[in-house]
Structure formats: C-alpha cells, structure tokens
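Subject: A structure for you to look at

Hi,

Here is the structure I promised to pass on.

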Amino acid sequence: MAAAGGVSSDDVPILQAENLTSNVKSIYYSRTFLSIIGGVVAGIWGFTGLMGFVFYFLIMMVASIGLLAKSKFSVQTYFDSWNRILIEGVFGGLMSFVLFWSYPLMMI
Amino acid sequence: MGIGYVVGVIGGAILAHAAYATIQYRAVLKITEEEFTRPPMDVMMELLLGLALCMWAGLAVPAKFLSVVPHSDENRIVSLPANLDFMIFNHRGRALPSDPDLKLKT
C-alpha cells in the first residue's frame with residue numbers, strides 16, 4: 001500500500017522522521033555514556049598523553065561495532081546514512097572523555 | 001527496571017572498587033617510594049571486566065532502534081480508524097457486487 005503523495009524513487013526518500021530522531025538520540029546517549037566510562041577507566045589505568053586518546057578511539061570503534069550489531073547490520077532500515085552510526089557523537093564524546101579522564105588521574 | 005540497568009550498576013560498582021584498590025596500591029607505593037606506572041594485574045582485570053559490563057549496558061539500555069522505512073509493516077502511515085464516528089455504511093458501495101469471502105487486513 002502507498003500513502004497518498006508518495007515520492008518516486010529518484011527523489012530523496014521520505015522517512016519516518018520521529019523514529020530517525022529517536023534512533024540518533026539513542027546513539028548519542030550510548031556514545032556519551034561509553035565516553036564517560038572509558039574516561040574513568042583510562043584515568044584509573046594511569047594513561048597519560050597520547051595513549052589516552054588512542055584508548056578513546058579504540059573504545060569508540062568497539063562502540064561502533066556494538067551499534068552495528070544492535071541495528072542487526074542493516075543500517076538502511078534504521079538510519080539514512082552510514083555516517084550516523086560511525087561518525088556521529090565521536091567528537092562530542094571526546095570532551096566528556098577528557099573531563100572524566102582527568103579526575104582519576106588527579107585523585108589516584 | 002530492566003536487566004541493562006542492573007548490569008550497568010554492577011559494572012559501575014566494579015569500577016569503583018577498582019578505583020579504591022588503586023588508591024590503596026598507590027598509598028603502599030608511596031611508602032616504599034616506587035613509581036606508579038600501572039595498577040596491579042588483578043585490578044586491571046577488574047577494570048576490563050567493569051568496562052565490558054558497562055559497554056554492554058551502554059549499548060543495551062538506550063531505546064531500541066525503530067524502523068525508518070516508510071512502507072514497512074510496523075510503520076503504516078494510514079491506519080483504519082477504530083472509532084465509529086468515521087464509519088459510514090450508507091454509501092455507493094452498496095451497488096457493487098460484494099464478495100463475502102474477502103478479508104480485511106487490519
């Protein structure tokens with residue numbers, strides 16, 4: 001069945017916008033939480049300097065793999081582009097990571 | 001609250017315990033005046049375990065992904081109205097030949 005006013009496949013496809021927004025928010029929460037946890041672990045472990053950033057990008061790669069698994073590897077069903085699931089939230093989480101990384105380094 | 005929250009809290013508790021153990025280890029190192037490079041092996045195992053649990057919780061707890069495909073079964077844009085206010089039966093469909101075996105997909 002087609003909704004009235006459906007677009008042809010040449011144009012930008014219409015998507016369920018509120019579901020897309022909800023999915024993007026869900027990714028953002030996941031990445032923020034994992035950045036904070038990764039920061040705390042990096043601080044307790046005693047990483048200083050470049051090693052900490054390497055650890056952060058490692059955590060983000062594992063998070064990307066986890067998000068791909070959560071979307072059952074069919075990204076097109078849940079998002080409009082691959083960038084959402086791979087790039088989105090990485091640099092925002094970097095700030096949280098550095099903040100929570102510095103607390104244990106000071107205190108431990 | 002779901003299992004994800006419980007796992008997340010347990011992971012957080014394990015991390016807190018690892019942090020406390022590292023503080024004590026550092027205090028011992030200060031007494032013996034050695035350098036602190038990394039926590040002891042069992043604390044590192046604890047950190048990895050806590051990290052794994054929190055990772056799992058961080059991926060499982062936020063909302064499940066919803067489909068964005070417009071024409072899939074769970075995303076029907078047009079659904080039949082369920083209340084009687086919009087149902088009229090006195091229309092020209094009366095004149096059409098009716099097939100009593102037709103079934104409506106709801």
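This is a predicted model: local features need pLDDT of at least 70, side-chain atom pairs count only at pLDDT 80 or more; totals for chains, interfaces and linings use all residues.

Residues are numbered from 1 along each chain as its sequence is written, chains are lettered from A and ligands numbered from 1 in the order in which they are written, and side-chain values use heavy atoms, with hydrogens and water left out.

Chain A has five helices and zero strands (DSSP runs of H or I with at least four residues, or of E with at least two, numbered from the N terminus). Of its 108 residues, 44% count as buried, meaning under 20% relative accessible area with a 1.4 Å probe, protein chains only. Among contacts (heavy atoms within 4.5 Å) in chain A between residues at least 6 apart in sequence, 74% join residues at least 24 apart.

Helix H5(A) is worth a look. Buried residues there include Gly93(A), Phe97(A) and Trp101(A), and their cover includes H1, H2 and H4 (82–86) of chain A.

Now the interface. Chain A gives 34 residues to the contact and chain B gives 31. Between them the chains bury about 3,100 Å², 75% of it on carbon and sulfur atoms; buried area is the accessible area (1.4 Å probe) that two parts lose on being put together, summed over both. Ile44(A), Trp45(A) and Ile108(A) supply 22% of the area that chain A buries against chain B, more than any other three residues.

H1 (17–45), H2 (50–70) and H3 (75–78) of chain A each give two or more residues to the side that touches chain B. The largest share of that side, 14 residues, comes from H1(A).

Over in chain B, helix H2 (residues 41–60) has 20 residues and reaches 29 Å from its first C-alpha to its last, close to the 28 Å expected at 1.5 Å a residue, taken as 1.5 Å times one less than the number of residues. Among the buried residues of H2(B) are Leu47(B), Leu51(B) and Met55(B). What covers the buried residues of H2(B) includes H1 and H2 of chain A together with H1 (3–32) of chain B.

Best wishes

Key
Buried means under 20% relative accessible area, exposed over 50%, partly exposed in between (1.4 Å probe, protein chains only).
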